[in-house]
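Please read this report alongside the sequence and the coordinates. Each section takes one part of the fold.

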Amino acid sequence: IDLLKIPGSRKALAGISSNQSLQDAAVLLRGSEIEALYVIQRLGLVEERITGILTKEIIEAQYQLSYN
């Protein structure tokens, strides 16, 4: 299956640790072409889990920040 042929919204992604703050996430999103961050929680030395997604819109709604 070619996933790119399936209609949908696609964003440029990067990871961020669940230990980092929303301010850290805002700085990452503001200073790059990244459109969303997936939140990574470490479960051990090598195991990790994706626990959420952050977008500029989510952070702006939470903190009323503007990226303009």
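The report below covers the basis of the model, the sheet, the helices, the salt bridge and the surface.

## Basis of the model

This is a predicted model, in which local features need pLDDT of at least 70, side-chain atom pairs count only at pLDDT 80 or more, and totals for chains, interfaces and linings use all residues. Residues are numbered from 1 along each chain as its sequence is written, and side-chain values use heavy atoms, with hydrogens and water left out.

Helices (H or I, at least four residues) and strands (E, at least two) are DSSP runs, numbered from the N terminus. Two strands pair if DSSP finds at least two bridges between them.

## The sheet

Three strands form an open sheet in the order β1-β2-β3, with mixed pairing. β1 and β3 are the edge strands, and each pairs on one side only. From one strand to the next, the twist averages 30°. Axes here are lines fitted to C-alpha atoms, for helices over the stretch in contact; angles run from 0 to 180 degrees between N-to-C directions.

β1 and β2 (residues 36–42) run parallel and are joined by five bridges. G15 has Y38 in β2 as its bridge partner. S17 is paired with I40 in β2. On the β3 side, I40 stands opposite I50. β2 and β3 run antiparallel, joined by seven bridges. A hairpin also links β2 to β3, through five residues.

## Helix α1 and the face of β1

Helix α1 spans residues 22–30 and lies across β1, β2 and β3. Its direction is about 140° to β2. β1 has two faces: A14 and I16 are on the covered one. L13, G15 and S17 are on the uncovered one.

## The end of β3

T55 belongs to strand β3, residues 48–55. Is T55 buried or exposed? T55 is buried, because its relative accessible area is 12%. The classes are buried (under 20% relative accessible area), exposed (over 50%) and partly exposed (in between), with a 1.4 Å probe and protein chains only.

Which residues does T55 touch, leaving aside those up to four places away in sequence? They are L29, E35 and A36. Contact means heavy atoms within 4.5 Å.

## Helix α2

Helix α2 covers residues 56–63, and E60 lies in it. E60 counts as partly exposed because its relative accessibility is 25%. The C-alpha atoms of E60 and A26 are 8.7 Å apart, although 34 residues separate them along the chain.

K56 is also found in helix α2. K56 is partly exposed, with a relative accessible area of 24%. K56 and A25 are 31 residues apart along the chain, and their C-alpha atoms are separated by 8.8 Å.

Q62 is another residue of helix α2. Q62 is exposed, because its relative accessible area is 57%. Q62 and I34 are 28 residues apart in sequence, with 19 Å from C-alpha to C-alpha.

## The salt bridge

How many salt bridges does the structure hold? The structure holds one. The term means a side-chain nitrogen of Lys or Arg within 4 Å of a carboxyl oxygen of Asp or Glu.

The side chains of E48 and R42 form this contact, at 3.1 Å from N to O. E48 is partly exposed, with a relative accessible area of 42%. R42 is exposed, because its relative accessible area is 56%.

## The nonpolar patch

I1, L3 and I6 make a nonpolar surface patch of about 390 Å². Patches consist of residues with over 30% relative accessible area and no salt bridge; like charges are joined within 9 Å, and nonpolar side chains (Val, Leu, Ile, Met, Phe, Trp, Tyr) within 5 Å. Accessible areas come from the Shrake-Rupley method with a 1.4 Å probe, and for residues, only the protein chains shown count as cover.

Where is I6 placed? I6 is in the segment before β1 (13–17). I6 counts as partly exposed because its relative accessibility is 42%.
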